[in-house]
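User: I have a structure open and would like to go through it piece by piece. Can you help me read it?
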Amino acid sequence: MKSLKFIVLSLSAALFMTACGGGSTPEKVVEGFYSALKAYDYDKAKSFCTEASAPAIDAMKKQMEQIPEEYKKIAEEAAKTTTYEYGVPSISEDKQSATVNVKINMNGQTFDAPVTLKMENGSWKVDYGVAAPAQEEPVQPEPAQDSTVQDSTQVQQ
């Protein structure tokens, strides 16, 4: 009887942890996020994101609502055949951020999409749409000027 009580209590605790998000891993959060996006369930996708990411998801939803129906159908067909492979998370030492690399296979092409997560209110959340610092364009060196050649626009006095 004691073992039955222990099993019931353990299962209840596990269900409680899962329902509250305390048991969620970075991989599961990213998987839920991409699953929601694939289903065009933007409200559910937002539930996997940081508060700061909500405007980016709202913008994505608005953009999708504005595209013509024929393009929506093309996107929906592409989504049906798109697959995702989730990598092992890289978690920061302070356990406040993580990165999960996602391999996306779409229309015969594969590309990597590193997804950043942050710990927010005790749960892992996708940090989506928060702009990364812009990389500066590489500076092109000026062509060397030969000091023996004079600029023809200069007026000699």
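User: Let's start with A78. Which element is A78 in?
Analyst: A78 is part of helix α5. Keep in mind that this is a predicted model.

User: Is A78 buried or exposed?
Analyst: A78 is buried, because its relative accessibility is 18% and the cut-off for buried is under 20%.

User: How far is A78 from K38?
Analyst: Their C-alpha atoms are 9.6 Å apart in space, while 40 residues separate A78 and K38 in sequence.

User: OK, stepping back. How many helices and strands are there in the chain?
Analyst: The chain has five helices and five strands. Their order along the sequence is α-α-α-α-α-β-β-β-β-β.

User: And what share of the residues is buried?
Analyst: The chain has 157 residues, and 22% of them count as buried. The chain exposes about 12000 Å², with 56% of that supplied by carbon and sulfur atoms.

User: What about contacts between residues at least 24 apart?
Analyst: They make up 46% of the contacts in the chain between residues at least 6 apart in sequence.

User: Next topic, the largest nonpolar core. Which residues touch the most other members?
Analyst: Those are V30, F33, Y34, V102, L117 and V126, in a core of 20 residues. At least two core residues come from each of α2 (26-38), α3 (42-47), α4 (54-66), β3 (97-106), β4 (109-120) and β5 (123-126).

User: Which element gives the largest share?
Analyst: That is α2, with six residues of this core.

User: Why would residues like that gather at all?
Analyst: In general, nonpolar side chains in soluble globular proteins tend to be buried together.

User: What else is F48 in contact with?
Analyst: Beyond its neighbours within four places in sequence, F48 contacts V29, G32, F33, K125 and V126. F33 and V126 are also among the core residues that touch the most other members.

User: Where does K28 come in?
Analyst: K28 is in helix α2.

User: Is K28 buried or exposed?
Analyst: K28 is exposed, because its relative accessibility is 53% and exposed means over 50%.

User: And S123? Where is that one?
Analyst: S123 is in strand β5. With 12% relative accessibility, S123 counts as buried. S123 and V29 are 94 residues apart along the chain, yet their C-alpha atoms are separated by 9.3 Å.

User: Which elements give two or more residues to the lining?
Analyst: Those are α2, α4, α5 (69-81) and β3.

User: How many of the lining residues are nonpolar, polar or charged?
Analyst: The lining has 14 nonpolar residues, two polar ones and one charged one.

User: Y40 was in that list. Where is Y40 in the chain?
Analyst: Y40 is in the loop between α2 and α3. Y40 is partly exposed, at a relative accessible area of 26%.

User: What is phi for Y40?
Analyst: Phi of Y40 is near 60 degrees, which is positive for a residue that is not glycine. For background, most residues other than glycine have a negative phi.

User: I also marked N121. What is its phi?
Analyst: Phi of N121 is near 55 degrees, again a positive value in a residue other than glycine. N121 lies in the loop between β4 and β5.

User: Last one: is N121 buried or exposed?
Analyst: N121 is exposed, with a relative accessible area of 72%.

Notes:
Residues numbered from 1 in each chain as written. Predicted model: local features only at pLDDT ≥ 70, side-chain atom pairs only at ≥ 80, totals over all residues. Heavy atoms only, no water. Helix = DSSP H or I, 4+ residues; strand = E, 2+ residues; numbered from the N terminus. Buried < 20%, exposed > 50% of the residue type's maximum accessible area, 1.4 Å probe, protein only. Contact = heavy atoms within 4.5 Å. Areas by Shrake-Rupley, 256 points an atom, 1.4 Å probe, with all protein chains shown as cover. Core = buried A, V, L, I, M, F, W, Y, C linked by side-chain atoms within 4.5 Å. Nonpolar A, V, L, I, M, F, W, Y, C, P; charged D, E, K, R; others polar.
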